[in-house]
Amino acid sequence: MEISAVDGSLHDFFTEEGKKSYVVVATVFFRLKGSRLVYLGSRIKEAVSNEDGEEVMRRMEYEEANSLSGLLLMDRKITMDMSLGLSIPHAVIGIVKDFDQKERSSLNIPNPPWLLMSQLQGPVSTGYIKLATHGWTFRVETNLKWDPERILALLYAMSREPIPEAFGYNYPLFLADKMAKFYRDRAKRTLDFLYTKELVRYRTFRSIVEGKRRSWNLNR
């Protein structure tokens, strides 16, 4: 089975023209052979925009996801993005850690791995999953028409990498997240350095001009 995971990150910075956003979207490619994940490669897409960075990142992630074939994994609440008019990939699983605390408190279920699925909205099923005793409970949304046991088996197979932060989660999404943040942090250092210097130079120049103008007015 061919699997891709898509995730994004962003950094806001300031220029003479105002706030801009650097947005990066990372995609990692895997093949699942039995219960073993085989890494196939990755790619990065970047943009600098004057628009709201969160919205740009959301659009870029879905544009990337819809350009791919196979099964897609996203760190997104699919139903919310559908309500915003975004086109949902043909075979996608959205996995998110942050959701309503009242929902979370009702999910004190022992003996993971377990998956609870129910129909929520139109073509998308929603549910909750926990894959390891000391792991997180995640919200899951998908348009796959699979038996829940098959979805559980698939996600469980991608949660067994011996990396503490990824164990009990999803290794392809973990890797996409780390890759996006690596490029974001690298760009952040460069952009903050360049544009902080630029603003300092601009403000210094403006102060000199204003000082000269005031001096000229006083001497008239």
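Is Phe30 buried or exposed in this predicted model? Phe30 counts as buried, because its relative accessibility is 2% and buried means under 20% relative accessible area, exposed over 50% and partly exposed in between (1.4 Å probe, protein chains only). Residues are numbered from 1 along each chain as its sequence is written, and side-chain values use heavy atoms, with hydrogens and water left out. In this predicted model local features need pLDDT of at least 70 and side-chain atom pairs count only at pLDDT 80 or more, while totals for chains, interfaces and linings use all residues.

View 1. The protein has five helices and eight strands. Helices (H or I, at least four residues) and strands (E, at least two) are DSSP runs, numbered from the N terminus. Of the 220 residues in the protein, 45% are buried.

**View 2. Pairing of β1, β2 and β3.** Two strands pair if DSSP finds at least two bridges between them. Strand β1 (residues 2-15) is antiparallel to strand β2 (residues 18-33), with 14 bridges between them. Asp7 stands opposite Ala26 in β2. The hairpin from β1 to β2 passes through two residues. Strand β2 also pairs with β3 (residues 36-49), antiparallel and over 13 bridges; here Val24 stands opposite Glu46 in β3. The hairpin of β2 and β3 likewise has two residues between the strands, and in it Gly34 takes a positive phi near 65°.

**View 3. Aromatic pairs.** Rings of Phe, Tyr and Trp (its six-membered ring) pair if their centres lie within 6.5 Å; planes under 30 degrees apart count as stacked, over 60 as edge-to-face and the rest as tilted. Six aromatic pairs are counted by this rule. Phe30 and Tyr39 form an edge-to-face pair, because their ring centres are 5.5 Å apart and their planes stand at 65°. Tyr39 is partly exposed, at a relative accessible area of 43%. Phe182 and Tyr183 are also edge-to-face, since their ring centres are 5.4 Å apart and their planes lie at 85°. Both residues are partly exposed, Phe182 with a relative accessible area of 48% and Tyr183 with 23%. Ring pairs join Phe30, Tyr39, Tyr171 and Phe174 in a cluster.

**View 4. Charges over tryptophan rings.** A charge sits over a ring if NZ of Lys or CZ of Arg is within 6 Å of the ring centre and within 35 degrees of the ring normal. Lys97 lies over the face of Trp136, 4.7 Å from the ring centre. Arg150 is placed over the face of Trp146, at 3.8 Å from the ring centre.

**View 5. The largest pocket.** On a 1 Å grid over the protein atoms alone, a pocket is an open set of points where a 1.4 Å probe fits, with protein on both sides within 12 Å along at least five of seven lines; lining residues have an atom within 4 Å of a point. The largest pocket has a volume of about 690 Å³, the volume being the space filled by probe spheres set on the points, which are joined across faces, edges and corners. It is lined by 26 residues, of which Asp75, Lys97, Asp98, Tyr169 and Asp177 are the closest to its centre. Two or more lining residues come from each of β1, α1 (53-66), β5 (92-96) and α5 (171-218). The largest share, five residues, is from α5.
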